[in-house]
Amino acid sequence: MTNLKGIALPLLLASSWFINYHIHIRNDLALFKTPPETPNLFLDCKSKDKDVGDKLILVKQDYTWDTRINFARSTHFYCNVRWVDHKEITFDAFKAKRDESRCKKYHNSCMWSVRSDGIYFSNNNATWQNEYPW
């Protein structure tokens, strides 16, 4: 029985290495004027090994990328969010030790919503929590 425990734990941890986690960031800023004058939202997301890029996200647009957790469980993506002429913040979009469990609950997805009062997280696309107030 002891041998099974010694094998089961490494296999359980290794299974996280093969899971693709999906990070979604959605521009849910309210329109102040009628289109085409939409709130401009710029994202610049990266990790120490990968630059996802600088993107312009229009209202109701969703930007997504995938990642896997590395052996050391130190996978970490952060994003600088600029709401033009309003606010700017840098937030942790994916941290392996924080997100591997909570993001498995909804199709291995970490869902983020940028709103006028902050950046919200959901792991079920129904309940949202403001984790990064402006």
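Figure 1. Beyond its neighbours within four places in sequence, serine 109 contacts His22, His24, Cys103, Ser122 and Asn123 (contact: heavy atoms within 4.5 Å). This is a predicted model, in which local features need pLDDT of at least 70 and side-chain atom pairs pLDDT 80 or more, while totals for chains, interfaces and linings use all residues. Residues are numbered from 1 along each chain as its sequence is written, and side-chain values use heavy atoms, without hydrogens and water.

**Figure 2. The disulfide between cysteine 103 and cysteine 110.** The S to S distance of this pair is 1.9 Å (disulfide: a pair of cysteine sulfur atoms within 2.5 Å). The link of cysteine 103 and cysteine 110 is right-handed, with 105° about the S-S bond. Cysteine 103 is buried at a relative accessible area of 0%, and cysteine 110 is buried at 0%.

**Figure 3. The disulfide between cysteine 45 and cysteine 79.** The sulfur atoms of cysteine 45 and cysteine 79 are joined at 2.1 Å. Because the torsion about their S-S bond is about 115°, the disulfide is right-handed. Cysteine 45 lies in strand β2 (residues 41-46) and cysteine 79 in strand β5 (residues 76-83), so the bond ties together parts 34 residues apart in sequence. Both cysteine 45 and cysteine 79 are buried.

Key
Helix = DSSP H or I, 4+ residues; strand = E, 2+ residues; numbered from the N terminus. Buried < 20%, exposed > 50% of the residue type's maximum accessible area, 1.4 Å probe, protein only.
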